[in-house]
Amino acid sequence: MFLFLTIIPIEGYIMGSGFGYGVRGICYRFQITGLGESFIPISYEFQYVLSGLISGKNMYALFIWAGGSVLFGLATMLQFLNCIEFRQIQKRLSLLFFTISIFLFIVSEMVYYSPFFYGPSGVCVLFGIPVVIALCWMMWQEKKDNA
């Protein structure tokens, strides 16, 4: 499940002035520009922050996205542990972490683009968020059935 959810993109975006476009997953970004194609893992983005290439609102948006990625990973690990040995607290924490990670992904994009996901930086569409929300809904229904 974690592999599937880390591969699917969470958002698609078009850079400002039509410079390029791409998709962004939980731990990566793939973009196509006039300069070529780039696959950028989240670890490289942190290197860009440390070197000063990324700063300002982009840096804050990256840190918020990274927080969501960490919580998403923790939620997935808790869900995996829950499959091995069922514990209600693991299921509740997993659901809470998934929900907070969705919120952080949305806030990150609002910081980067604007509250309407459109601005001088470009435009983004969060098409992977409904998949994660559907996952949370299924977990919630399963939780109600097991209670």
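**Exercise 1. Find out where E45 sits, whether E45 is buried or exposed, and which residues E45 touches.**

Step 1: start with the contacts. Skipping neighbours within four places in sequence, E45 is in contact with R24, R29, I40, I54 and L62, where contact means heavy atoms within 4.5 Å.

Step 2: E45 belongs to helix 2; helices (H or I, at least four residues) and strands (E, at least two) are DSSP runs, numbered from the N terminus.

Step 3: check the accessibility. E45 has a relative accessible area of 6%, so E45 is buried. The cut-offs are under 20% relative accessible area for buried, over 50% for exposed and partly exposed in between, with a 1.4 Å probe and protein chains only.

A word on the ground rules: this is a predicted model, so local features need pLDDT of at least 70 and side-chain atom pairs count only at pLDDT 80 or more, while totals for chains, interfaces and linings use all residues. Residues are numbered from 1 along each chain as its sequence is written, and side-chain values use heavy atoms, with hydrogens and water left out.

**Exercise 2. Work out which residues of helix 2 are buried and why they line one face of the helix.**

Step 1: list them. Helix 2 covers residues 42–51, and its buried residues are I42, E45 and V49.

Step 2: look down the axis. The buried residues of helix 2 fall within an arc of 50 degrees, so they line one face; the arc is that of the directions from the helix axis to the C-beta atoms. The background is simple: an α-helix has 3.6 residues a turn, so residues three or four places apart point the same way.

Step 3: see what is on either side. The buried residues pack against strand 2 (20–24), strand 3 (28–33), strand 4 (36–41) and helix 3 (57–84). On the face turned away from the buried side you get the exposed residues L50 and S51.

Step 4: step off the end. Just after helix 2, G52 has a positive phi of about 95 degrees.

**Exercise 3. Describe the largest pocket: what is its volume, and which residues are closest to its centre?**

Step 1: size it. The volume is about 360 Å³.

Step 2: find the centre. The lining has 19 residues, and R29, E45, I54, N58 and Y112 are the closest to the centre.

Step 3: trace the lining. Strand 1 (11–15), strand 3, helix 2, helix 3 and helix 4 each supply at least two residues.

For the terms: on a 1 Å grid over the protein atoms alone, a pocket is an open set of points where a 1.4 Å probe fits, with protein on both sides within 12 Å along at least five of seven lines, and lining residues have an atom within 4 Å of a point. Grid points are joined across faces, edges and corners, and the volume is the space filled by probe spheres set on the points.

**Exercise 4. Decide whether S108 and S17 are buried or exposed.**

Step 1: take S108. S108 lies in helix 4 (residues 88–112) and is buried, at a relative accessible area of 0%. Beyond neighbours within four places in sequence, S108 is in contact with A61, I64 and W65.

Step 2: take S17. S17 is in the loop between strand 1 and strand 2, and its 84% relative accessibility makes S17 exposed. S17 also has a positive phi of about 60 degrees although S17 is not a glycine. For context, most residues other than glycine have a negative phi.
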